[in-house]
Amino acid sequence: MKKIVETIGFLVFAQGVGGLLYEWTGWFRLWTVVRHIDFLSDRMLFVNIVLIVTGTAVMIAADSIKN
């Protein structure tokens, strides 16, 4: 269970980083999920930062899960 939560946290973190890279450089166009959600198009920078923080928090919280 701990590995699953860590993996989910990493995927959320990676989506946020990929979204920021897309915003700043135009790379990872097909890789980011937030770009494909229409109602978030005006707030993509904020949403990507929230994804990074959330992914980091989930990965840290995974350490408290006992096997």
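Mentor: Start with G26: just after α1, this residue takes a positive phi of about 90°. Helices here are DSSP runs of H or I with at least four residues, strands are E runs of at least two, and both are numbered from the N terminus.

Trainee: Where do these coordinates come from, and how are residues numbered?
Mentor: Residues are numbered from 1 along each chain as its sequence is written. This is a predicted model, where local features need pLDDT of at least 70, side-chain atom pairs count only at pLDDT 80 or more, totals for chains, interfaces and linings use all residues, and side-chain values use heavy atoms, with hydrogens and water left out.

Trainee: How many helices and strands are in the chain?
Mentor: Two helices and zero strands. The C-alpha trace spans about 40 × 20 × 20 Å along its principal axes.

Trainee: What is the reach of α1?
Mentor: Helix α1 covers residues 2–25, 24 residues in total. From first C-alpha to last it reaches 34 Å, close to the 34 Å expected at 1.5 Å a residue. The expected span is 1.5 Å times one less than the number of residues.

Trainee: Which α1 residues are buried?
Mentor: V5, G9, A14, Q15, G16, G18, G19 and L20. Buried means under 20% relative accessible area, exposed over 50%, and partly exposed in between, with a 1.4 Å probe and protein chains only.

Trainee: And what do they pack against?
Mentor: The buried residues of α1 pack against α2, residues 44–61. Contact means heavy atoms within 4.5 Å.

Trainee: Take Q15. Why does it count as buried?
Mentor: Because its relative accessibility is 18%. Q15 touches W31, T32, V33, N48 and L51, leaving out residues up to four places away in sequence.

Trainee: N48 is on that list. Where does N48 sit?
Mentor: In helix α2. N48 counts as buried because its relative accessibility is 1%.

Trainee: What does N48 touch?
Mentor: Q15, G16, G19, L20, E23 and V34, again not counting residues up to four places away in sequence.

Trainee: What about L21, buried or partly exposed?
Mentor: L21 lies in α1 and is partly exposed, because its relative accessibility is 29%. Beyond four places in sequence, L21 touches G26, W27 and F28.

Trainee: Switching to charges. How many salt bridges does the structure hold?
Mentor: One. A salt bridge needs a side-chain nitrogen of Lys or Arg within 4 Å of a carboxyl oxygen of Asp or Glu.

Trainee: Which residues form it?
Mentor: E6 and K3, with the closest N and O atoms 3.8 Å apart. They are separated by about one helical turn because they are three residues apart in α1. E6 is partly exposed at 22%, whereas K3 is exposed at 63% relative accessibility.

Trainee: And how many residues count as buried across the chain?
Mentor: Of the 67 residues, 25% are buried. Among contacts between residues at least 6 apart in sequence, 56% join residues at least 24 apart.
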